[in-house]
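Here's a quick briefing to read with the structure open beside you. Have a look at the model, then work through the notes by topic.

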Amino acid sequence: RFISGDFKSTTPGSVARLLQRTGLQPLHQRLQNLRLTMYYRVVEGLVPALPPHQFLNPQKHSRQIRSTRNQDYITTNIISGYARNNTRAYAVPSCRTEQRKNSFFPRTTRDWNQLDNTIVHAPSLDSFKSRLAASRPQ
C-alpha cells in the first residue's frame, strides 16, 4: 500500500492486486530468498565469522529423497524436512523445540536441500541470486 499510495482500498484481494501490479514477490518469498542468499555465502566461505565446516554438516550421499510439492497445498509430510533435490545437500540440525526448528540454520537447510542442482552450484553470488529469482514464479 505504501509503494502504490493506495491506502483506501479495502476490497478482498486488493493487496494481492497491488503486489501483482508492482511486480513484487510476497514478503515470505523475499525473506526466504534473502535467507538462502546468506546460506550460499556461508557455504562458499564468503562470511569469515561463520566457517562452513563449523556450522554445516554435509549429507551422506545415498539415494535422493524428493517430496511432492503442490502449489496450492501446504504439506505436513515428515519427509519434506529430509528432502534432497541436489548433490550439495546438508544434514538438518536436530531440534527439540519449535523455536530451534524455525531458527536460521535448520529452516534454511531444509529450504536449501530442496533447491535444484543448477541453483546450488552457481559459480558466483550474483549468478545464484539470478538463478534463484528465475526459479520462483512472480
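Contact here means heavy atoms within 4.5 Å. By that criterion, the cover over the buried residues of H5 includes H2, H3, H4, H6 and H7. Keep in mind that this is a predicted model, where local features need pLDDT of at least 70, side-chain atom pairs count only at pLDDT 80 or more, and totals for chains, interfaces and linings use all residues. Residues are numbered from 1 along each chain as its sequence is written, and side-chain values use heavy atoms, with hydrogens and water left out.

**Overall make-up**

- The protein has seven helices and zero strands; helices (H or I, at least four residues) and strands (E, at least two) are DSSP runs, numbered from the N terminus.
- Going along the sequence, you get the pattern α-α-α-α-α-α-α.
- Of the protein's 138 residues, 31% count as buried, where buried means under 20% relative accessible area, exposed means over 50%, and partly exposed is in between (1.4 Å probe, protein chains only).
- Take the contacts between residues at least 6 apart in sequence: 53% of them join residues at least 24 apart.

**H5, the enclosed helix**

- How many of the 10 residues of H5 are buried? Eight are, so H5 is largely enclosed by the rest of the structure.
- The buried residues in H5 are Phe105, Pro106, Thr108, Thr109, Arg110, Asp111, Trp112 and Asn113.
- Thr109, sitting in H5, counts as buried at 1% relative accessibility.
- Leaving aside neighbours within four places in sequence, Thr109 is in contact with Tyr39, Tyr90, Ala91, Val92, Pro93 and Phe104.

**H2 against H5**

- Two packed helices are described by the angle between their axes and the distance between the axes.
- For H2 and H5, the axes come within 10 Å and cross at roughly 95°; axes are lines fitted to C-alpha atoms, for helices over the stretch in contact, and angles run from 0 to 180 degrees between N-to-C directions.
- On the H2 side you'll find Gln32, Arg35, Leu36, Met38, Tyr39, Tyr40, Val42 and Val43, which meet Phe104, Phe105, Arg107, Thr108, Thr109, Asp111 and Trp112 in H5.
- The residues of this H2 and H5 contact split into nine nonpolar, three polar and three charged; Ala, Val, Leu, Ile, Met, Phe, Trp, Tyr, Cys and Pro count as nonpolar, Asp, Glu, Lys and Arg as charged, and the others, Gly among them, as polar.

**H2 against H7**

- H2 (residues 27-43) also packs with H7 (residues 125-135): their axes come within 11 Å and cross at roughly 150°.
- The two helices are therefore roughly antiparallel to each other.
- Asn33, Leu36, Thr37, Tyr40 and Arg41 in H2 meet Leu125, Phe128, Lys129 and Leu132 in H7.
- In the contact of H2 with H7, the residues come out as five nonpolar, two polar and two charged.
- Over in H7 you'll also find Ser130, which counts as partly exposed at 44% relative accessibility.
- Ser130 and Ile119 are 11 residues apart in sequence, and their C-alpha atoms are 9.0 Å apart in space.

- Asn86 belongs to the loop between H3 (52-55) and H4 (98-101).
- Is Asn86 buried or exposed? Asn86 is buried, with a relative accessible area of 3%.
- The Asn86 side chain reaches the backbone nitrogen of Arg88 at 2.9 Å and the backbone nitrogen of Ala89 at 3.0 Å; a polar contact is a pair of N or O atoms within 3.5 Å, and within protein one must be able to donate a hydrogen and the other to accept it, with residues adjacent in sequence counting only if both atoms are side-chain atoms.
- Asp116 is in the loop between H5 (104-113) and H6 (117-120), and Asp116 is partly exposed, with a relative accessible area of 42%.
- Setting aside neighbours within four places in sequence, Asp116 is in contact with Asn85 and Asn86.

Note on methods: Parallel < 35°, antiparallel > 145°, perpendicular 65-115°, else oblique.
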